[in-house]
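Let's take a walk through the aromatic side chains of this one. Keep the viewer open as you read.

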Number of protein chains: 2
Amino acid sequence: MDSLEEKTLKSEMIFDGKIIKVVVDDVILPNGATSKREIVKHPGAVAVVAITPANKMVMVEQYRKPLEKAIVEIPAGKIELGEAPEWTAGRELEEETGYKTNGLKHLVSFYTSPGFADELLHIYLAGDLEKQVNPLQADEDEFVNIIEVSLEEALQLIEEQVICDAKTVYAVQYWQLLEAMK
Amino acid sequence: MDSLEEKTLKSEMIFDGKIIKVVVDDVILPNGATSKREIVKHPGAVAVVAITPANKMVMVEQYRKPLEKAIVEIPAGKIELGEAPEWTAGRELEEETGYKTNGLKHLVSFYTSPGFADELLHIYLAGDLEKQVNPLQADEDEFVNIIEVSLEEALQLIEEQVICDAKTVYAVQYWQLLEAMK
């Protein structure tokens with residue numbers, strides 16, 4: 001295999017925001033030429049596949065400013081400084097949906113968009129769900145509607161592009177695979 | 001359902017790059033409070049699930065500067081100005097792998113990271129693959145190694161986190177589902 005490495009000549013911080021940072025790197029390509037890489041740095045996130053005893057998946061409807069619309073997603077959130085991903089997963093599930101889980105299983109971790117961002121998303125399956133009477137409160141700038149959908153409804157929502165993000169499309173396909181292997 | 005809309009008070013362009021733009025919006029939340037949203041704008045991309053007559057999936061090993069490592073992915077590329085996504089898909093497949101397809105089927109489109117980016121990725125299934133003797137040439141700053149993997153090898157590469165991005169994890173799970181439903 002050819003070496004594909006791109007060595008950094010210079011790295012310039014363009015934006016140091018609350019959630020993301022943006023840097024532009026000057027790199028040397030494998031053929032010796034130089035190029036620029038625009039890179040978004042993100043602290044990473046978790047998402048939770050939560051299927052209730054009634055065989056419904058717990059989802060949240062949430063406004064996504066980059067898309068200028070509300071979409072339906074599995075519960076998710078970014079990892080706070082120093083938090084273990086599994087702990088974030090339990091916290092976000094309870095804050096966003098009121099469900100507490102007594103068993104998290106790691107399913108997969110993936111980079112959402114490795115061409116320009118380093119965001120790594122960890123997806124967990126939440127077992128043994130319990131609806132809490134006094135759940136953890138959500139962040140104060142977070143507004144969501146909770147819905148519970150059957151597999152058929154989830155597939156219909158993908159068709160209608162109401163479910164339209166990577167982690168939730170993955171989660172519904174995971175559910176299809178679970179059902180197909182039963 | 002409660003209205004979740006976030007109205008824009010002000011939008012400031014922070015970075016206008018070759019591939020991404022970054023803006024920071026001041027917004028009014030549903031409860032009347034104000035907040036900021038950091039948003040990455042991206043032209044969108046396509047990816048191609050290509051399974052050969054020998055039942056191998058065509059993948060490319062590519063250095064991803066944001067991750068500072070080479071990973072294995074399905075062929076993909078960003079949409080050039082004015083290009084129809086399906087056309088981009090055929091072009092990227094041929095440029096990156098030397099395979100021409102005589103039939104593209106749209107599988108799904110998803111936002112890779114709707115919390116901070118508007119990148120929409122369109123995934124196609126490529127049928128009727130033909131290896132070209134003189135394929136289209138890749139972009140001059142693009143270096144890839146082509147590999148063809150069985151489903152078992154692909155699952156092993158996920159286990160080893162060599163396959164570790166959203167679109168490729170989705171593609172391998174799609175393949176698992178295809179096989180499970182046979």
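Across all chains there are 4 aromatic pairs, where rings of Phe, Tyr and Trp (its six-membered ring) pair if their centres lie within 6.5 Å; planes under 30 degrees apart count as stacked, over 60 as edge-to-face and the rest as tilted. Start with Phe110(A) and Tyr170(A): their ring centres are 5.9 Å apart and the planes sit at 75 degrees, so this pair is edge-to-face. Phe110(A) belongs to strand 8 (residues 99-111) of chain A and Tyr170(A) to helix 3 (residues 166-180) of chain A, so the contact ties together parts 60 residues apart in sequence. Helices (H or I, at least four residues) and strands (E, at least two) are DSSP runs, numbered from the N terminus.

This is a predicted model: local features need pLDDT of at least 70, side-chain atom pairs count only at pLDDT 80 or more, and totals for chains, interfaces and linings use all residues. Residues are numbered from 1 along each chain as its sequence is written, chains are lettered from A and ligands numbered from 1 in the order in which they are written, and side-chain values use heavy atoms, with hydrogens and water left out.

Back to the rings. Put together, Phe110(A), Tyr170(A) and Tyr174(A) make one aromatic cluster.
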